[in-house]
Amino acid sequence: MKLRLARQSLSNAVVVVAVEGELDLFTAPFLRDEIRDAIRDDGPTLVLDLAELSFMDSSGLSVLIEAWRLATSEGGGVCLASPQPPVARILRTTGLDRRIKVYPDVDTAILQHPE
């Protein structure tokens with residue numbers, strides 16, 4: 001398994017995109033397209049559920065940064081939920097967790113993420 005994506009649009013204008021598998025040079029374009037479609041179709045407030053994301057390289061980081069830029073330019077935002085330790089370590093090491101808010105779980109992200 002490389003990458004599986006699932007999108008859920010919630011009634012409070014929040015879109016949750018669950019990311020499962022490995023996010024790398026080959027799979028990053030699929031997430032990029034899914035995020036663009038989600039913002040276009042469902043609105044610019046995104047929660048990326050990373051609970052099942054086992055690996056992420058610099059290509060994945062680029063997609064997260066692009067998602068943040070696109071969502072904020074549309075008046076929304078992006079936050080991350082439940083990153084596994086290897087992914088959380090990359091977010092901390094690069095400082096991306098200071099730019100994009102990270103929550104311990106999806107429910108907390110939905111409740112606390114500003115629109």
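Trainee: In what order do the elements of the protein run from the N terminus on?

Mentor: This is a predicted model, in which local features need pLDDT of at least 70 and side-chain atom pairs count only at pLDDT 80 or more, while totals for chains, interfaces and linings use all residues. Residues are numbered from 1 along each chain as its sequence is written, and side-chain values use heavy atoms, with hydrogens and water left out. Read from the N terminus, the order is β-β-α-β-α-β-α-α-β-α.

Trainee: What is the radius of gyration of the protein, and what does the globule rule give for 115 residues?

Mentor: The radius is taken over C-alpha atoms, and the rule is 2.2 Å times the number of residues to the power 0.38. For 115 residues the rule gives 13 Å and the protein is close to that value, so it is as compact as a globular protein of that length; its radius of gyration is 12 Å.

Trainee: How much of the protein is buried?

Mentor: A residue is called buried under 20% relative accessible area, exposed over 50%, and partly exposed in between (1.4 Å probe, protein chains only). By that definition, the buried share of the 115 residues is 44%.

Trainee: Among contacts between residues at least 6 apart in sequence, what share joins residues at least 24 apart?

Mentor: Contact means that heavy atoms lie within 4.5 Å. Of the contacts in the protein between residues at least 6 apart in sequence, the share that joins residues at least 24 apart is 68%.

Trainee: Which residues of helix H3 are buried, and where do they lie around the helix?

Mentor: Helix H3 covers residues 85–94, and its buried residues are Val87, Ala88 and Leu91. Seen down the axis of H3, with directions taken from the helix axis to the C-beta atoms, the buried residues fall within an arc of 100 degrees, so they line one face of the helix. In general, an α-helix has 3.6 residues a turn, so residues three or four places apart point the same way. The buried residues asked for are therefore Val87, Ala88 and Leu91, on one face of H3.

Trainee: What covers the buried residues of H3, and which residues are exposed on the other side?

Mentor: The cover includes strand S3 (45–56), helix H2 (58–73), strand S4 (77–81), helix H4 (96–99) and strand S5 (102–103). On the other side of H3, the exposed residues are Pro85 and Thr93.

Trainee: Where is Ser82 found, and what is its phi?

Mentor: Ser82 is found in the loop between S4 and H3, and at 16% relative accessibility it counts as buried. Most residues other than glycine have a negative phi. Ser82 is not a glycine, yet its phi is positive, about 60 degrees.

Trainee: Is Leu46 buried or exposed, and which residues is it in contact with?

Mentor: Leu46 lies in strand S3, and at 0% relative accessibility Leu46 counts as buried. Leu46 and Gln8 are 38 residues apart in sequence and 10.0 Å apart in space, C-alpha to C-alpha. Leaving aside neighbours within four places in sequence, Leu46 is in contact with Val15, Ile35, Ala38, Ile39, Gly77, Val78, Cys79 and His113.

Trainee: Where does Lys2 lie, and which residues does it touch?

Mentor: Lys2 lies in the segment before strand S1 (3–9), and Lys2 is partly exposed, with a relative accessible area of 39%. The C-alpha atoms of Lys2 and Glu20, which are 18 residues apart along the chain, are separated by 8.0 Å. Not counting residues up to four places away in sequence, Lys2 touches Glu20, Gly21, Glu22, Asp24 and Thr27.

Trainee: What separates the C-alpha atoms of Arg89 and Asp41?

Mentor: Arg89 is found in helix H3, where it is partly exposed, with a relative accessible area of 45%. Arg89 and Asp41 are 48 residues apart along the chain, and the separation of their C-alpha atoms is 32 Å.

Notes. Helices (H or I, at least four residues) and strands (E, at least two) are DSSP runs, numbered from the N terminus.
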